[in-house]
Amino acid sequence: MVGWTSSFAVVLTGLRQVGASEAEAASGLLVVSVLMGLGSLLFSWRTRMPVTLAWSTPGAALLAGAARPDGGYAAAVGAFVVAALLYLLTALVRPLGHWVQQIPASLANAMLAGVLLTLCVEPFRALAADWTAVAPVLATWLVLTWLAPRYATPAAFVAAVVVITATGALGELGARDLVPQVTWTTPHADLAAAVAIGLPLYLVTMTSQNIPGVAVLASFGYRAPLRGVLAYAGLTGAATAGAGGYSVNLAAISAALSAGPPAGPDPQRRWVAGVSNGVTAVVLGVAASAVATVAVAAPEGVLETVAGVALLGTFGASAAAALADPDQREAAAVTFVVAASGFALGGVGAAFWSLVAGGLVLAVTRFRPGPRSA
């Protein structure tokens with residue numbers, strides 16, 4: 001519940017940003033919910049470990065900060081297929097996973113922080129534009145951040161629903177709007193979209209979700225079946241990209257709920273929490289159309305506010321990790337600035353070029369000549 005309600009707004013925002021219609025975004029939310037639910041159930045049951053899968057929240061944030069491809073949503077779907085095939089290739093070719101881990105964590109975190117910055121400022125822009133709709137959402141989030149931080153974002157969404165209801169927008173909805181539906185978009189091969197969306201989606205999901213997910217499980221004494229999860233993500237992603245299945249992966253932060261002591265005193269029995277997590281995700285997926293419809297009915301800025309506050313913690317952690325190493329701070333700063341700038345060249349967006357720029361600065365600073373003795 002915490003994982004789903006705290007970031008579904010980011011998923012909807014990301015899919016809409018790359019060209020998805022309301023129905024296509026709802027379909028994507030449904031598909032990734034079901035995929036992560038079935039994956040959690042399958043891997044937890046087979047391994048007898050609390051292996052939980054999640055949609056890629058950093059990946060959704062990347063989509064939300066991306067430029068809409070020239071080829072429209074079909075080109076973005078083609079990029080989803082590229083990312084899925086890279087997951088599958090990483091599962092099959094062992095050295096690829098090693099190479100991904102060689103990407104400096106400071107640069108990966110800086111890229112993510114730069115993308116997130118543009119989203120995290122939206123609540124405050126929206127507040128200036130329409131404070132009567134946005135202020136209740138922010139106030140609710142602030143109070144719950146003080147009283148019960150885990151439920152701050154879900155409570156902000158509840159406040160958003162109250163605001164939407166007060167505007168009377170929900171009165172225009174019919175029963176058909178609430179029925180879960182899968183909408184298919186045929187993928188379109190587009191090199192610029194593959195480089196601007198597919199490759200960064202793969203990299204940010206690997207470095208910000210899968211690799212930390214392995215570490216979280218290891219901290220509780222479990223060995224994550226990473227290759228199996230990557231194969232599952234690759235196969236299901238390629239098969240469902242047209243329905244909006246942009247990416248699933250190992251859960252990271254939320255994995256601690258299923259793998260840690262809150263799931264029970266006996267580590268050998270915590271796999272049951274992974275199974276129940278999977279079942280819950282599937283059930284919540286059925287509500288995807290209703291949630292998406294309610295979100296679309298929201299006054300301008302309200303959904304962006306929920307998404308923005310949901311990502312503040314991730315932004316803070318990414319920015320801190322990006323700038324923690326003094327030797328890589330200049331390169332990380334350049335990566336962050338380029339990612340936040342919205343810079344695009346040759347149809348390729350800022351996320352990709354930020355890694356290129358940061359990597360170039362890192363290479364230059366590593367081989368900087370030292371002071372010469374007299």
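Predicted model: local features only at pLDDT ≥ 70, side-chain atom pairs only at ≥ 80, totals over all residues.
**Helices H2 and H11**

- Helix H2 covers residues 22-47 and helix H11 covers residues 226-240, and the two pack at an angle of about 150° with their axes 11 Å apart. Because angles over 145 degrees count as roughly antiparallel, H2 is described as roughly antiparallel to H11.
- On the H2 side the contact is formed by Val 31, Leu 35, Leu 38, Gly 39 and Phe 43, which meet Gly 228, Val 229, Tyr 232, Thr 236 and Thr 240 on the H11 side. Sorted by class, the residues in this contact of H2 with H11 are six nonpolar and four polar, with no charged residue present.

**Helices H3 and H6**

- Helix H3 (residues 57-64) and helix H6 (residues 105-120) have axes that come within 9 Å of each other and cross at roughly 60°, and H3 and H6 are therefore oblique to each other.
- The crossing of H3 and H6 is left-handed, and the residues that make the contact are Pro 58, Ala 61, Leu 62 and Ala 64 from H3, together with Leu 112, Val 115, Leu 116 and Leu 119 from H6. By class, this contact of H3 with H6 has eight nonpolar residues, no polar residues and no charged residues.

**Helices H4 and H9**

- Helix H4 runs over residues 72-92, and its 21 residues should span 30 Å at 1.5 Å a residue, which agrees with the 31 Å between its end C-alpha atoms.
- Just after H9 comes Gly 168, which takes a positive phi of about 85°.

**Ser 44, within H2**

- Ser 44 lies in helix H2, and with a relative accessibility of 0% it counts as buried.
- Leaving aside residues up to four places away in sequence, Ser 44 touches Met 49, Pro 50, Val 51, Trp 271, Gly 274 and Val 275. Ser 44 and Thr 314 are 270 residues apart in sequence, and their C-alpha atoms are 26 Å apart in space.

**Two arginines in loops**

- Arg 48 sits in the loop between H2 and strand E1 (53-55), where its phi is near 55°, a positive value in a residue other than glycine. With a relative accessible area of 38%, Arg 48 is partly exposed.
- Arg 150 is found in the loop between helix H8 (131-147) and H9, and at 47% relative accessibility Arg 150 also counts as partly exposed. Arg 150 and Ala 331 are 181 residues apart in sequence and 33 Å apart in space, taken from C-alpha to C-alpha.

Technical notes. Residues numbered from 1 in each chain as written. Heavy atoms only, no water. Axes fitted to C-alpha atoms, helices over the stretch in contact; angles between N-to-C directions. Helix = DSSP H or I, 4+ residues; strand = E, 2+ residues; numbered from the N terminus. Parallel < 35°, antiparallel > 145°, perpendicular 65-115°, else oblique. Contact = heavy atoms within 4.5 Å. Nonpolar A, V, L, I, M, F, W, Y, C, P; charged D, E, K, R; others polar. Left-handed = near helix turned anticlockwise from the far one by under 90°. Expected span 1.5 Å × (residues − 1). Buried < 20%, exposed > 50% of the residue type's maximum accessible area, 1.4 Å probe, protein only.
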